[in-house]
Amino acid sequence: MIKQLAALALAGSVILGAIASVAVAQQVERQPFDAVKVNFLLRTVTETGHTVFRGGEPCEDGVYGFATNTKQLLICADNHGDDLDELADTVRHESFHLAQFCKARRVGASMALVFPELVDESMALARDLGMPMQRYDEKQHVFEAEARAAAFALDEQQIAAILEAECHHD
């Protein structure tokens, strides 16, 4: 438990610094595709009790992927075409949603922010990244913004540490 809390504290300071620097100065670039890192994150997803699906009927609607509060992650790799950076971004984004769901279960909510103290920074960065707000219910904006900001600013190992910390007792 101490290891998970330390990982979460470290990840929190990393995300705070990364999101703040991106929001202020656009200094951080989008994380690139790295097959080893993406596979590491997907292994962490399964090791934290989640099931990963690749492709299937839901992908026919053109979605890139989604996470559920029932511990499922769907990645629609074919819908990304040749854009592997976007595929890696989707894996990070949806994996971060899994961490949000784990925290929500722990606190008795349907959804929870991992870093509620960064709402303004996450929203600003998500807007700067062109988050299509109209695609989401207004109540979801902060959760989508947090996942979008995290996927942009953090690499797979950092997202994995957050996932492990939030889902270790799930």
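I count Ala, Val, Leu, Ile, Met, Phe, Trp, Tyr, Cys and Pro as nonpolar, Asp, Glu, Lys and Arg as charged, and the others, Gly among them, as polar. The model I am reading is predicted.

**Entry: the cavity.** I looked for cavities of 30 Å³ or more and found 1. The largest cavity has a volume of about 40 Å³. I listed its lining: Leu113, Phe115, Leu118, Val119, Ser122, Met123, Val142, Ala145 and Glu146. I then sorted the lining by class and got 7 nonpolar, 1 polar and 1 charged residues.

**Entry: the cores.** Which residues have the most contacts inside the largest nonpolar core? I find Leu73, Phe96 and Ile162, in a core of 30 residues. I traced the core to its elements: α2 (35-47), β3 (72-75), α3 (84-107), α5 and α6 (156-167) each supply at least two residues. The top contributor is α3, with 8 residues. Another core, of 6 residues, lies apart from this one and includes Met123, Ala126, Met131 and Met133. I note that Met123 is also on the cavity lining.

**Entry: the whole protein.** I read 6 helices and 3 strands. From the N terminus on, I wrote the order as α-α-β-β-β-α-α-α-α. Of the 170 residues, 46% are buried. I checked contacts between residues at least 6 apart in sequence, and 63% of these join residues at least 24 apart.

Key. Residues are numbered from 1 along each chain as its sequence is written. This is a predicted model: local features need pLDDT of at least 70, side-chain atom pairs count only at pLDDT 80 or more; totals for chains, interfaces and linings use all residues. Side-chain values use heavy atoms; hydrogens and water are left out. On a 1 Å grid over the protein atoms alone, a cavity is a set of points where a 1.4 Å probe fits but cannot get out, and a pocket is an open set with protein on both sides within 12 Å along at least five of seven lines; lining residues have an atom within 4 Å of a point. Grid points are joined across faces, edges and corners, and a volume is the space filled by probe spheres set on the points. A nonpolar core is a set of buried Ala, Val, Leu, Ile, Met, Phe, Trp, Tyr and Cys residues joined through side-chain atoms within 4.5 Å. Buried means under 20% relative accessible area, exposed over 50%, partly exposed in between (1.4 Å probe, protein chains only). Helices (H or I, at least four residues) and strands (E, at least two) are DSSP runs, numbered from the N terminus. Contact means heavy atoms within 4.5 Å.
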